[in-house]
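Subject: The model I promised you

Hi,

Here is the structure for you to look through. Open it next to this message and follow along.

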Amino acid sequence: MNAIYPLVDVLRQQVAYLSRELAERDSVLHERTRHLRVAQALAHLGSWEWEIEGGAVRCSSELYRIFGREPGADLLTFDGFVAVIFSGDRDRVLASINHALGGRASYDVEYRIVRPNDEVRTIHSCAEVLRDDKGKPCRMSGSVLDITERACSEAMLRSSQEKLRQALQASGIGLWDWNTHTNEMVLSEEWKRQLGYEKTELLDSFETWEGLLHPDDHDRVIVCLQDAVRKRQGEYRQDYRLRHKDGTYRWIESRAASVTEVDGRQIRFLGSHMDITKRKRMEQVVRESEDRYRTLVDLSPSGVFVFCEGRIVYVNHRGVLLLGATDPRELLGRPIFDFLHPDYHRDVRDNVQRVLAGNVSVHSAERIYLRMDGTPIPVQMEAARIVWDGIPAVIVLIADVTERKQWEEALRASEERFAKAFKTSPHPILISELETGRLVEVNDAASQLLGYRTEDSEGQVISEIEGRGSTEEHARFRDTMKQAGPVRNLEVNLRTRNGDVRRFLLSSEVIELNGRLCRVTVGDDVTDRKRAEDELRRSHALLRQVIDGSPNFIFAKDREGRFTMANKAIADCYGTTVDALIGQTDADFNPHWDEVEFFREKDLQVMTSLQECFIAEEKFTDWSGKTRWLQTIKRPIIDDQGRFHMVLGAATDITERKQMEEMLLQHERDLNAALQDRERISQDLHDDILQSVYAAGLGLEACRSMMKRQPELTADHFMATLEHSIGQLNHVIEKIRNFISGLDSHVMRGGDPIMTLRTMVQTMCGASSIQCRVRIDDRTGQYVSPESALHLINIVREALSNALRHSHATRITVSLRQLIGSVRLTVTDNGIGFNPALVEGAGHGLENMAARAHKAGGVFAVRSESHRGTRILLDLPKNSTDYSN
């Protein structure tokens, strides 16, 4: 019995120990539960757990607050949870729950709820599904984060960006953004459309832009751009050409400025291209995926810190990453001020004392924290008092607001860029209400053109500033401005305040501004251009009359030879009209290909050389088949870049002048023929008739000499000599008659030249006492043409006559023989001879022989010395047509 008492004491001690340990654990659990509630309240993070089989839903107090309900006032069931979901999001949330229960996807969704007071809030919910041993889902637990403020900021940013995009699209400005550090470049859709490309047809890169630069502009643009990158001061502005999709080059005015980042670096250039109507603004939306933590604290997107006695005693994984550490042990035990910017030390110290003293329940502020490497980071901090291991402490939730700062900065920059583009645009821009047409805002260009001050123009109705026009035009203008769709190049008259009416081209887009539908309208003042166009039309009409009134051909052709301009004169010659001739070529109207090819050859010569071409004569056949002669000048027309554009031509009809020139040439030819006939007559009279007369005279003189010296000769002998002389005279008379009647000689009519030559030599030498020998090869006749034979006979007659009359020779030899390639004539005497140089110009004998030798194609030579006789040589080439005989 006594042994039982010690055992009871031991049991009592164990019971007391267990009671104390249970009380301590219950206190710790209670404290940690309170910490959790405080953390959820600071993070606006609620938790829930859904028993799938029973349908019961357990929720944290913060979740009730998020849903706008009093904690514990009424139990939230699954059906009640579904009922508070915004009707437009309900199906999507239920589908996400079913996917999570089915294991097809995790439950991570953003949706809207409706509080009992009809307030709509946006929340982000994550959850995990717990399953039993058979894999059947039994419970689902998760968290809910109120992100209404963030969603509103994102919506405002998107709205501002959309306004800026629509304004830039209406104003015709394209943008580009170049990171000089990474060389990344973003080109807007309107930037590409200006060059004829779709959005996906060009890569967004610096190389794409550089590859489109004109070769002549490349070096200059790159040097200027590099200089702007190096200086990073002032405005960058350049004019250069970019290649269009169709191969042509377009001039672009580019402006840019260096942009300062949040961290103070200048690594980006933001630029614009004028005359681009659509541009999709680059959006920088940085979304940071968040790890899903197994515990409620790890699910928090904020860093959770517990500071006790000024030092870090707890930090979650997000907090470790936030401060740039790799392990929580790098932060535990370190003072809070090691990670706080010095500018906030005093303020934070005072606020921590107030929180620990219980003067404030939750302290909220924006601060600058420092990472492990000293990099500053903007944060939103929420602080509250807790007890940590029985010691008062501060729990701090730190949220990185870098993204929010960037959004705010992007929103501010977007609004600033829109304001600058709006105010500084050279085109008038007006923003008016779509329904009423009242002006909301106008830029300086609109105020200046319309003559209104900015503050005076706002509130006016846009249709009230429309100028002259019919009632139908006014109604059409008002109806068009009230339409919800875009307006492009609407031509209207607008009246300025001083009463002037100016012509504008209006383009506009509909935007939403402060909940109202408004229209952004961009105008282009075309009054001066319209006047210039009218003046140009009048000038063109006058020029058309002048050109069509000219009798000369005036025309212009493009590179393919098509007429781009022609006057009435050339159209009439082609038997068509000016309008029908435009766009056609010479080949379409002229069937004479030699003429068409000649025209085309000269056109191409002008295109290639870019030089003026003078064509003294060119043949042209008109529609009736009549041949005309033209004198034409063709000149190249070049563009501003010095490249060929078209051929400009002017042609004068010189047909009559050509006919007069032909008549003059014919008269000149007739005169030359008459002169040649005169020369030939002179030669024939000298060589033939005159020599025959000389021969007859020699016979009569011989008869007279015989009568004086030998009177005893018989009358028969004298009569024979006289008969011979009379026969020669009759022969001369017959030749004169034949010459006058134009009859050809016996040789030219196909007679035997060798026989004729023998007869002539014997006749001339028969009445003379001089011994005359004839050595003629009969075969030479086949190698001499009739014309050459005639010249040869006349040369022998002249040479023989000279020898008989002047040489005082006793022997004369006439030789005609053939050599290897020629026929040689030789007339030799043993007379007194002469000096050939002294007899030049004394008579026609030697000149006529030389001229006849030249006409026969032979080589003529005279060799004579005093008292050694004379030798005349003639080498005639053999007639090639007779070599085969």
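I386 stands opposite A393 in β15. This is a predicted model, so some limits apply: local features need pLDDT of at least 70, side-chain atom pairs count only at pLDDT 80 or more, and totals for chains, interfaces and linings use all residues. Residues are numbered from 1 along each chain as its sequence is written, and side-chain values use heavy atoms, with hydrogens and water left out.

Back to that spot. Strand β14 (residues 376–388) is joined to β15 by ten bridges, and the two run antiparallel. Two strands count as paired if DSSP finds at least two bridges between them. Strands themselves are DSSP runs (E, at least two residues), helices are runs of H or I with at least four residues, and both are numbered from the N terminus. The hairpin of β14 and β15 has two residues between the strands, and D389 there takes a positive phi near 55°. β15 (residues 391–400) also pairs with β11 (residues 303–308), in the antiparallel sense, over six bridges. In that pairing, F305 stands opposite V396 in β15.

Now for an open sheet of five strands: β22-β21-β25-β24-β23 is the order, and the pairing is antiparallel. The edges are β22 (563–566) and β23 (613–621); each has a single partner strand, so one side of each is left without a neighbour in the sheet. From one strand to the next, the twist averages 30°. (Axes are lines fitted to C-alpha atoms, for helices over the stretch in contact, and angles run from 0 to 180 degrees between N-to-C directions.) β21 (residues 553–557) is held to β22 by three bridges, running antiparallel, and A556 has M565 in β22 as its bridge partner. Helix α19 (residues 593–609) lies across β21, β23, β24 (627–638) and β25 (644–653), at about 160° to β23.

Another open sheet of five strands has the order β26-β27-β28-β30-β29, with mixed pairing. Which strands stand at its edges? They are β26 (771–776) and β29 (859–864), each with a single partner strand, so one side of each is left without a neighbour in the sheet. Here the twist averages 10° from one strand to the next. Seven bridges link β27 (residues 811–818) with β28 (residues 822–829), which run antiparallel; I812 has D829 in β28 as its bridge partner. Helix α22 (residues 753–766) lies across β26 and β27 and runs at about 175° to β26. Helix α24 (residues 845–855) packs on the sheet too, touching β29 and β30 (870–877), and its direction makes about 150° with that of β29.

On to the surface. L542, which lies in helix α16 (residues 527–549), counts as exposed because its relative accessibility is 54%. (Exposed means over 50% relative accessible area, buried under 20%, partly exposed in between, with a 1.4 Å probe and protein chains only.)

Finally, the whole chain. How many helices and strands does the chain have? There are 24 helices and 30 strands. Of its 885 residues, 39% count as buried. Among contacts (heavy atoms within 4.5 Å) between residues at least 6 apart in sequence, 50% join residues at least 24 apart.
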